[in-house]
Amino acid sequence: MSAVRWFDATWEVGCTDAGGKASGLGELTAQGLPIPPGFVVTTAAYHRSRAVGRLDESVLPMLAGLDPSDLADVADRCAGIRAIVRQLPMDAGSEEQIRGAYRELCRQCHVADVPVAVRSSATREDSAGDSFAGEHDTYLWVRGEDDVLDAVRRCWASLFTDRATCYRLDRGLDHLSGEMGVVVQKMVQPRSAGVAFTLNPANGDRSAIAIESSWGFGEAVVAGEVTPDSFLVDKVMFVITYRAIATKEQEYVLSGADAVVRVAIDAARGEQSSLTDEEVLDVARLARKVERIYSCPQDIEWAIDAHDGRGGGVTLLQARPETSWSRRPRTVQVEDPADFMSSIVSTLMAPLHAREDD
Amino acid sequence: MTKRFISPFDVPTPAGAEGWQSLYSYSSLFSEGRREYEDSRFWFQDGVHWPQALSPWDATLFEFALASLSQYNTRQLRIPAANGIDFRILNGYVYLSPVAVPADEVMARSVEFVDRAGFYYRSWNDLYAAWLTKVRALIAEIESLDLSALPESEDADEVVKSGSGIGSGWRLQEGYHRLLDLAHKVWQFHFEFLNLGYAAYLDFFSFCKREWPNIPDLAIARMVAGVDVDLFRPDDELKGLARLAVDLGLEEAFDGSGAADVVARLEASHDGREWLGSYRNAADPWFEFSTGSGFAHSDPVWIDHPDIPFGFIRDYILRIRRGEELQRPIQAILAERERMVGEYRELLPDAPSRAGFDTRLELARTVFPYVENHNFYVEHWCHAVIWRKMRGLGGVLAQAGFWPDADDIFLLTRTEVSEALWDHYASWATPAPAAGPTRWPAEVRRRAAIVSALRARKAEPALGIPPEVVTEPFTIMLWGITSESVSHWLRTSVDAGSGIRGFAASPGVAEGLARVIDSPAQFHEVLDGEILVAPLTAPSWAPIFGRIGATVTDTGGMMSHAAIVCREYGLPAVTGTGVATSRIVTGQRIRVDGTHGTVTFLE
């Protein structure tokens, strides 16, 4: 079994060796949605390394007779186990596959030592409901093969957090039953980013896709710290029906120390549109695709990253159902459809719509 | 709004056009007697139909058209909130002013409207079939009018011994008066359906705008537009004739020389004669097609100027030989139309709203063939016949020494033609010298100079007090006059540098070098891939749509005939810019965005 699965068109939907989070990302990929490029280190890599490093022999004795109510003891012992896991020697085959996959990711993105996010993707997460969500670890801005391997081991180690350990104890689960996949995904470094709704949040118009966009990381838009550029796109014709280019004064960018910092935008760039027309339409197409997959209005976060391995297209960062308009009852005032005359009379008496594109 | 347009009473007369008022009916002029009324109103220039200062007789069809439109709104259909459209001529240009209905009459009128319009909508297809029959009969009747020259001696059998008791002089005058009555009648027919067609279209339009406030106007137009449309038939016939010439191996005959030479060459072979037979079948009536709006006697009509259709056919032959597909992709257009309808419909929340959408779309599609097709029958075919008849009559009077050229008759008003005919008839009857030959030759020279002085000066786009908001539905649909276009005219100088705006009449973006032309006579100047910039385009310009990148016009709205044709041909178009021909020069690089209605100057 391979130690690595790529998030791409080859993803096997239903595979069991990737963990919950990775499976979700893989399925989005299989639907053709452009998530940040990357791969998952499968549970097979964990299993083999566990065997090579004889983890069972070192860990099980350390947990013998553990009393979950003795929090200090739990913390002590778990920290010890995690320290062991962090030093776990990897099996040579897995290690080479992970190193190779990371090098390939760097090559695809045209960035040496491309910064990645490394996230645990536990297989137990789903069965345990939400209880483990957020329990496992995430490492951002990881660069270089060795650091990636180190972050993978740290993720494995997070199987032995105090809470996870107590949870297994409580349920009478085998302490070595936890399995762990690890997601390795390129850190998005957006030139522009923002949000998109598959309806117009101002009036509930479902023929429209509303896009807000600004320079740099999307946090500025999401947090409302800038007045973003805004666009409306007709989702049937795919034409831009409204645009307002805002004066954008601040953006979040990556500093030299792999930290995201807020900086001022120079005046000329602040006046420019943060998206080209073609990019506006690409964001709209992406939003529409997500809406079609989930069959309900969506609220997505997206970014445009020049080094995304795909030539700078739109990347989907997050998708969730739109809730505000979607929950309202929708009624269209339709009189008896056969009585078109009264409708024509009211049309002729009502002032026509004001044109909105001027 | 604080700003206003110039008062019609303050517009100066162009140099050399002094006394222009005598060229038009007194009732169509701004005058001191109605000043208070006229000065309080908003008037917009109609350049869609009358881009040039009118020849005096051509004002006849303008007046018939406007009065018939008004009569249908006001007296016949009882449109609830719109009366007619008042009209004036100033410096030879046409100005229109929609008249509102007093609020307290609207309810009563809507009861009458429901009864009358409802009858038409319910029986639309039958009534439209009857319309086609009666318009064809009317055109045939105009064709049959005998406006030939008066004989030296009346025919003994037909006139004298038949016991009819009347002679050719009466026949000639009756023929002219009958021509006027029939021309007025075809304009009655024209508006029998048009306003109702627009009303049903507007109802679907309003439904879509209410449910989807951001839906582009174009999307609505494309859901409704027909595919098999008579207005496209002339161009389809040209393509068919080009194909036939290739199939019969006759391409060599079309070597770029004039139609007469090509015809002579074709007459020499069996296949050539077969082709000419097909040409004549197609030409009657489909080449009764004006190169302009059909409202000017001077706009060449294909059938009378065979160099025009032969030139287009030659173009098409060359394109066939290059392997181009000429036929419109009807299946693809239909499939795209159904995709759009399906996707918008799917956005509706429930079954009743979908039923409402379906009912309105169906009615809009029922009425739309009339909206698209009537233009060929009335403005093109029937007008072409009227112009020919008038030209014939002009020739009769030219023969009698009234003026040098047959076309000089168009420099008289319709009542003056009646007087001149009387003059001619009386002098023929007596015989004795007519007054006309001493009066008209100098007078037509004076008038021709006035008309060209009027045409040398561009019209004011609007006059008087702009309305707070334009709501009259037909004004918006047909002329593209909206609150925005009015305010745009008031500040035309604002975004002078980078580009101009107009109606997003036909979607798509194209970039290229501009070619500014005033009339179809300049078609030969247009190079492949250029962007055509013109005061307006006519449906009969379709044959060159296949080789230009886009078109930009001074006048026209979403539903103008040119916009309909551009959409059909997939040619990006921005219409109603007001200033394209004066702001863009030939050779300038521009970008036309027909989806958003913008023209960007790239240099």
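Helices are DSSP runs of H or I with at least four residues, numbered from the N terminus. In this predicted model, one such helix, α1(A), supplies five residues to the lining of the second largest pocket, the largest share from any element.

That pocket holds about 870 Å³ of space. Its lining comprises 29 residues, and P36(A), R119(A), L316(A), L317(A) and Q318(A) are the closest to its centre. Besides α1 (20-30), the elements of chain A that give two or more residues to the lining are the strands β3 (116-122), β4 (138-142), β5 (180-186), β12 (298-304) and β13 (314-321), together with helix α8 (219-222). By residue class, the lining has 18 nonpolar, six polar and five charged members.

Chain A itself contains eleven helices and 13 strands. Its C-alpha atoms occupy a box of roughly 85 × 50 × 40 Å along the principal axes. Of its 358 residues, 52% are buried. Among contacts in chain A with a separation of 6 or more, 66% join residues 24 or more positions apart. The chain exposes about 15,500 Å², of which carbon and sulfur atoms supply 51%.

The interior may be considered next. In soluble globular proteins, nonpolar side chains tend to be buried together. Here the largest nonpolar core has 189 residues, with Y121(B) and W275(B) making the most contacts inside it. Helix α6 of chain B, residues 168-211, gives the most to this core, contributing 22 residues. Beyond its neighbours within four places in sequence, W275(B) is in contact with residues including L241(B), L248(B), F254(B), L266(B), F310(B) and I313(B). A second, separate core has 43 residues, among them V4(A), L55(A), W156(A) and M180(A).

Key:
Residues are numbered from 1 along each chain as its sequence is written. Chains are lettered from A and ligands numbered from 1 in the order in which they are written. This is a predicted model: local features need pLDDT of at least 70, side-chain atom pairs count only at pLDDT 80 or more; totals for chains, interfaces and linings use all residues. Side-chain values use heavy atoms; hydrogens and water are left out. On a 1 Å grid over the protein atoms alone, a cavity is a set of points where a 1.4 Å probe fits but cannot get out, and a pocket is an open set with protein on both sides within 12 Å along at least five of seven lines; lining residues have an atom within 4 Å of a point. Grid points are joined across faces, edges and corners, and a volume is the space filled by probe spheres set on the points. Ala, Val, Leu, Ile, Met, Phe, Trp, Tyr, Cys and Pro count as nonpolar, Asp, Glu, Lys and Arg as charged, and the others, Gly among them, as polar. A nonpolar core is a set of buried Ala, Val, Leu, Ile, Met, Phe, Trp, Tyr and Cys residues joined through side-chain atoms within 4.5 Å. Buried means under 20% relative accessible area, exposed over 50%, partly exposed in between (1.4 Å probe, protein chains only). Contact means heavy atoms within 4.5 Å. Accessible areas come from the Shrake-Rupley method with a 1.4 Å probe; for residues, only the protein chains shown count as cover.
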